[in-house]
Structure formats: structure tokens, C-alpha cells
Amino acid sequence: MGKFFKGLACSGAWTCFDEFNRIELEVLSVVAQQVLTITRAKAAKVQTFMFEGVEIPIKMTCNVFITMNPGYAGRTELPDNLKALFRDVAMMVPDYAMIAEIMLYSYGYLDARALARKLVQTYRLCSEQLSSQDHYDYGMRAVMSVLRAAGNLKRTFATAPEDVLMLRAINDVNLPKFLDQDVPLFNGILSDLFPGRFLLLPCPLTTTAMSSHNVTYLLQGGMQ
């Protein structure tokens, strides 16, 4: 980190550390002292300053930004001396449904708005009804995983019913991470949001070796 900050100060560049509070507390304390040294040099408007025992030049345009998820699982609280070096900027929760709708349209889905709402509703119900586990994630990262899977399915099976493709994407991305006691609840949520649609074959739709007969059977299962 010391070499990084030296280059930052000399070049006058900006940098943004994403999810900064994933760094261990011991390392954060060292980073706080390094950032403080650069901040004091900028405040004094000096041409050179001492950084870790070496005199280096500094350009006033250099700056450090950080992003973090306070209270999120696996994250560390920032020490007070580091918090004092940064100014808080509040961030709004993104509109998951709008983001999903736009991405689904870009993948070629015609019923993107309704499917996006079902995707968001699925995660909302899962967060309310399923057990609380550290590895369960219902945020934007999980939504993006489902959208990418749905896009791949749409490219592979362009003529298949879109709600079945979305159902398969949600199922494939989420089912492997759920505990046994949560699987029936998850299946119940999907059956409520996608009534009359069933996935009868255990193999995922993304398997290119599946025969056209099996694909047709899977998509039409439960629809007779």
C-alpha cells in the first residue's frame, strides 16, 4: 500500500478503493496513517513531503475515495482516525426492477418489465420467508447473476417461453445455495410467481448437449 500511495501522490491521480472495509483492521490502521500524511501535505501546500522515511514530490490533484457497505457480513468497521479523513456521501438504494428490465430488454426479452418485477419480488419474498444465513445474498450482485443466466438462456433458446427461461435462471442460480429446509419455501415462492410453469428435468437448460425433444418436454411440462 505504501508504494501505491507514493505513486498516487507523485502522479496527482485519483483512486477509489471499492468495498474498503473488507480490509483487515490492522491494515486499515496503517492505511489511515498513510492517508493522513498525504492529507497534511496537501493542506500545507508543500512541493515535497516525507512519506515513510522518503522525501517525495506531491501534486495537489491527488485524492483518495472509498466505497463501503457498513454492517454487511464479513466487513470491518472503520477505525475513528480513518473515518475522520473522509466525508460521508449517502447513496440511494438502486431500483432493481428498472435495472433488470433494461438488461432483459438488451438480451432480447419482450416481456422484460413483468419478468423484472417477478425477479425482484422473488428475492423480496426469499428475504422475508427463508432462514437467515451468511451466504444468502438477495442484493444487486444476486440480481445480476440471474440476469446474466437469463441472457445466456435467451441466446441459446430464442423461441422458448420467456417466463420459463427466467424461471430456469432463477432456479439455477439460487437453488444450489439454499439449505434443505429452505428449498420447499423457495419452490413455493416460484410456483406462486410462475403459476403453471414446471421444470421437470434436473439438468440445466444451458447444457448444449440436450436434445431438442428434451428441451420441448421441459418447456411444455405441466402446460398440457
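Which residues does Leu104 touch, not counting residues up to four places away in sequence? In this predicted model, in which local features need pLDDT of at least 70, side-chain atom pairs count only at pLDDT 80 or more, and totals for chains, interfaces and linings use all residues, Leu104 touches Tyr109, Ala112, Leu115, Ala116, Leu147, Ala150 and Met166, a contact being heavy atoms within 4.5 Å. Residues are numbered from 1 along each chain as its sequence is written, and side-chain values use heavy atoms, with hydrogens and water left out.

The protein chain contains 9 helices and 4 strands, taken as DSSP runs numbered from the N terminus (helices H or I, at least four residues; strands E, at least two). From the N terminus on, these elements follow the order α-β-α-β-β-β-α-α-α-α-α-α-α. Of the 224 residues of the chain, 38% count as buried, that is, under 20% relative accessible area, with exposed meaning over 50% and partly exposed in between (1.4 Å probe, protein chains only). Among contacts in the chain with a separation of 6 or more, 64% come from residues 24 or more positions apart.

Phe194, when residues up to four places away in sequence are not counted, touches Leu115, Lys118, Asp163, Met166, Leu167 and Ile170.

Leu104 lies in helix α4 and has a relative accessible area of 0%, and is therefore buried. The C-alpha atoms of Leu104 and Arg148 are 9.1 Å apart in space, although the two residues are 44 residues apart in sequence.

Helices α4 and α5 pack at an angle of about 135°, with their axes 8 Å apart, where axes are lines fitted to C-alpha atoms over the stretch in contact and angles run from 0 to 180 degrees between N-to-C directions. The two helices α4 and α5 are therefore oblique to each other, since angles under 35 degrees count as roughly parallel, over 145 as roughly antiparallel, 65 to 115 as roughly perpendicular and the rest as oblique. On the α4 side, Tyr96, Ala97, Ala100, Glu101, Leu104 and Tyr105 meet Ala112, Arg113, Leu115, Ala116, Leu119 and Val120 in α5.
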